[in-house]
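Please have the sequence and the 3D view ready.

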Amino acid sequence: MRQPLVAGNWKMNGSLASVRELLAGIKAGIGGISKCEVAVCPPYVFIPVAQAELSGTSIPWGGQNLSTEQSGAFTGEVAGSMLTDFGCTYVLVGHSERRTLYGEDDAVVAKKYAVARAAGLKPVLCVGETQEEREKGITEEVVARQLDAVIELEGVDAIGDGVIAYEPVWAIGTGLTATPEQAQDVHAFIRNRVAEHSADVADKVRILYGGSMKPGNAVELMAKPDIDGGLIGGAALKAEDFLGICRAADDSV
Ligand code: PEP
């Protein structure tokens, strides 16, 4: 049985005051949630706030990105070891906004996955196709390529150390959600692809869905056998919405 995970990707949102309020809201409402792991990924500068507020709770926190490098003359970058210094458990790698807006290709994403592991972080590998790729019928090809880049560099056991998030690019921040069937098809494809290398890793790796998930559509998505939780953007910025999704994941097991 895989423990569901719901992780909030706050992207570049919030202020010191709003982050404190959001964390307080999540902490206040998490009481009834016992089976689902709940995590937050704030912008870098708010990670110490998350650490101060969440230490001693059941809620881990993580980064949204990290450098491919360990240290040195890389102005503006943040190393994996710095995230671990501030108590991070998780780090997102390969989010579609990083891939499209900042030109991160599969090789860069695989390297980030590797350095995250080396720093003791659990990478959340984001994969997913664009609208155009779905229309061309190459969703599986795209997702396989994104996944294989990590397996080829780090081996399949590395996949077992992290989490995969299937995030169709056309569903991120658009209000369009993949239907539970569309999502399940790709999740099953991903799990089978991992199983070609290791049945054990495929069985244990958590595959999250991300893309306009809300309390209203979370129950149906979480009911699918290969959907093990969610990576949540917009709805993670309101404690009640985020907790509603967490409750749906909690009730799914
Ligand atoms: C995301 O950015 O990872 C995401 C899933 O965003 P949203 O929930 O807003 O679609």
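This is a predicted model: local features need pLDDT of at least 70, side-chain atom pairs count only at pLDDT 80 or more; totals for chains, interfaces and linings use all residues.

Residues are numbered from 1 along each chain as its sequence is written, and side-chain values use heavy atoms, leaving out hydrogens and water.

**Helix α5**

- Helices (H or I, at least four residues) and strands (E, at least two) are DSSP runs, numbered from the N terminus.
- Helix α5 takes in residues 106–118, 13 residues in total, and spans 18 Å from its first C-alpha to its last. That is close to the 18 Å expected at 1.5 Å a residue, where the expected span is 1.5 Å times one less than the number of residues.
- Its buried residues are D106, V109, A110, K112, Y113, A114, V115 and A116; buried means under 20% relative accessible area, exposed over 50%, and partly exposed in between, with a 1.4 Å probe and protein chains only.
- The cover over these buried residues includes β4 (90–93), α4 (96–101), β5 (122–127), α7 (139–154) and α8 (156–160), where contact means heavy atoms within 4.5 Å.
- After α5 comes G120, which has a positive phi, near 90°.

**D148 in helix α7**

- You will find D148 in helix α7, and D148 counts as buried because its relative accessibility is 13%.
- The side chains of D148 and R193 are joined by a polar contact of 2.4 Å. A polar contact is a pair of N or O atoms within 3.5 Å; within protein, one must be able to donate a hydrogen and the other to accept it, and residues adjacent in sequence count only if both atoms are side-chain atoms.

- β5 and β6 run parallel and are joined by four bridges; strands pair if DSSP finds at least two bridges between them. V127 stands opposite Y166 of β6.
- β6 also runs parallel to β7 (residues 207–209), with three bridges between them, and I164 has I207 of β7 as its bridge partner.

**The ligand site**

- A polar side-chain atom of E167 lies 2.7 Å from an oxygen atom of the ligand.
- A polar backbone atom of G233 is 2.8 Å from an oxygen atom of the ligand, and a polar backbone atom of G234 is 2.8 Å from an oxygen atom of the ligand.
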